[in-house]
Structures are given as C-alpha cells and as structure tokens.
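Reader: I have a model open and would like to talk through some of its features. Could we begin with the strands and then move to the charged residues?

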Amino acid sequence: MNNIILIGFMGVGKGSVAREIVKQSEMIALDTDDVIESMENRKIKKIFAKEGEAYFRALEHKVALWLQKEVSGTLISTGGGFFKVPNLSEIGTVVYLSAPFETIYQRIRAHPNAKSKLRKRPLFQDIDKAKKLYEERAPLYKEAADIVIDVSGKELDEIAGEILQKVRQDD
Ligand code: S3P
C-alpha cells in the first residue's frame with residue numbers, strides 16, 4: 001500500500017498540506033471528496049441536500065474499499081468524516097492533522113473565499129453544531145491515527161516536512 005492518509009476536521013488544511021507534500025516529494029495525491037464528486041458528477045453540498053448524510057457516508061465506504069484494493073504509493077486527503085470507514089488502517093499510514101477548533105474557524109474565516117469555503121460544507125453551517133462535532137470527533141481522530149501532527153502556528157512547508165519525516169521513520 002504505502003499510502004499516506006490525511007485525516008482531520010473540516011478546514012484544518014488537509015488539502016493545502018497535501019499540495020505541499022506533493023511539492024516536497026514524488027507522491028501523487030487524490031482527495032476522497034473529489035473522487036466522490038466525480039463518481040456522482042455533483043457537488044458534496046448537492047449530495048447532502050438531495051440524498052442525505054447516510055448516502056454520502058455509504059459513498060465514503062465504497063471509496064475506502066476501492067482505495068484499499070487499488071491504490072498504492074499515493075497521498076490521500078480525506079473529508080472530515082472519512083476517518084470512520086472500517087478499513088481505514090488497511091489503506092495506509094494515517095496522519096491526523098490536529099488544531100484547536102478556534103484556530104480552524106479563524107483559518108477558514110481568514111481565507112479570501114471564506115464564504116464559499118463555509119457554504120460548501122453542510123456540516124459547518126452552524127458554528128455551535130460544528131464545535132460540538134469537533135469535540136465529539138477530536139478523541140476519535142487521535143485513536144484512528146498512526147501519527148498526530150499539531151499544525152497550529154506552523155507553516156505548510158514545516159508541516160509537510162514533519163509528516164514526510166515521521167512517515168519514513170515509521171516504515
Ligand atoms: C465532512 C467534511 C467535508 C465533506 C463533507 C462532510 C465531515 O470535507 O467530506 O462535507 O463530515 O466532516 P472537508 O473536511 O474537506 O471539509
């Protein structure tokens with residue numbers, strides 16, 4: 001397998017870190033939300049609105065099985081709830097990007113496209129609900145991870161370097 005899987009809460013920067021790892025290594029990247037959107041030929045927001053969350057989670061399970069069977073040597077970034085798939089550890093080395101909720105929320109708000117970043121995330125429509133979800137999930141992300149990286153206050157190149165170094169140590 002030799003995949004690296006990035007897990008963590010919405011907006012923590014899984015996509016940005018993935019792009020930085022690609023820059024620093026020979027790895028090719030894919031994102032589970034992108035795979036789902038292309039399977040369905042529609043956006044996550046539409047899938048949630050039309051079919052509901054359970055349908056979306058079933059798609060994540062399907063993608064997880066495909067990753068386990070067919071994908072190797074790849075950097076995989078995931079949607080914030082993907083870590084719950086039963087075969088996560090069979091896909092590759094699981095890296096949890098961790099940061100306090102406030103840091104994550106500020107990061108989204110500071111983005112030039114903050115509005116659309118929030119709008120496209122059905123589970124980030126209500127800040128109190130998002131915070132509750134964060135609190136429920138924080139210990140579960142840790143439990144699911146082989147490696148935990150605290151990303152707060154760090155530059156992307158530093159985070160990517162740390163991940164590559166730790167994954168290589170783990171091998
Ligand atoms: C979700 C996170 C989203 C996306 C979907 C559900 C979640 O991905 O998969 O909206 O359950 O946390 P991001 O983490 O990229 O926002």
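Reader: Which residue in β3 does isoleucine 4 stand opposite?

Author: Isoleucine 4 stands opposite leucine 75 in β3. Please keep in mind that this is a predicted model.

Reader: How many bridges join β1 to β3, and in what sense do they run?

Author: Three bridges join the two, and β1 runs parallel to strand β3, residues 74-77.

Reader: With which strand does β1 pair over five bridges?

Author: That is strand β4, residues 92-98, and the pairing with β1 is again in the parallel sense. Within β4, glycine 92 is the bridge partner of asparagine 3.

Reader: Is strand β1 largely enclosed or open?

Author: Strand β1, residues 3-7, is largely enclosed by the rest of the structure, because five of its five residues are buried.

Reader: Which residues of β1 point one way and which the other?

Author: Asn3, Ile5 and Ile7 point one way, while Ile4 and Leu6 point the other way. Residues on both sides are buried. In a regular strand, side chains alternate between the two faces of the sheet.

Reader: Turning to charge, which residues gather in the patch of positive charge on the surface?

Author: The patch consists of Lys45, Lys46, Lys50, Lys115 and Arg119.

Reader: Which helices each supply at least two residues of it?

Author: Those are α3, residues 44-51, and α7, residues 114-119. The largest share, three residues, comes from α3.

Reader: Where is lysine 115 found, and is it buried or exposed?

Author: Lysine 115 is found in helix α7. Its relative accessible area is 67%, so lysine 115 is exposed, the cut-off for that class being over 50%.

Reader: Now the salt bridges. What does the count come to?

Author: The count comes to eleven salt bridges.

Reader: Which residue does glutamate 135 meet in a salt bridge?

Author: Glutamate 135 meets lysine 131, at 3.8 Å from N to O. The two are four residues apart in helix α8, residues 127-144, and are therefore separated by about one helical turn.

Reader: How accessible are glutamate 135 and lysine 131?

Author: Glutamate 135 counts as partly exposed, at 49% relative accessibility. Lysine 131 also counts as partly exposed, at 30%.

Reader: And which residue does glutamate 136 meet in a salt bridge?

Author: The side chain of glutamate 136 meets that of lysine 132, with an N to O distance of 3.8 Å. These residues are likewise four apart in helix α8, so about one helical turn separates glutamate 136 from lysine 132. Glutamate 136 is partly exposed, with a relative accessible area of 46%, whereas lysine 132 is exposed at 54%.

Reader: With which residue does glutamate 162 form a salt bridge?

Author: Its partner is lysine 154, and the closest N and O atoms of glutamate 162 and lysine 154 are 3.1 Å apart.

Reader: Is glutamate 162 buried or exposed?

Author: Glutamate 162 counts as buried, because its relative accessibility is 18% and the class takes values under 20%. Lysine 154 counts as partly exposed, at 26%.

Reader: One last item: which residues are linked in a network of salt bridges?

Author: Glu40, Arg42 and Glu51 are linked in such a network.

Key. Residues numbered from 1 in each chain as written. Predicted model: local features only at pLDDT ≥ 70, side-chain atom pairs only at ≥ 80, totals over all residues. Heavy atoms only, no water. Patch = residues over 30% accessible without salt bridge, like charges linked within 9 Å, V, L, I, M, F, W, Y side chains within 5 Å. Areas by Shrake-Rupley, 256 points an atom, 1.4 Å probe, with all protein chains shown as cover. Salt bridge = Lys/Arg side-chain N within 4 Å of Asp/Glu carboxyl O. Lys, Arg positive; Asp, Glu negative; His and termini not counted. Charge placed at Lys NZ, Arg CZ, Asp CG, Glu CD. Buried < 20%, exposed > 50% of the residue type's maximum accessible area, 1.4 Å probe, protein only. Pairing = 2+ DSSP bridges.
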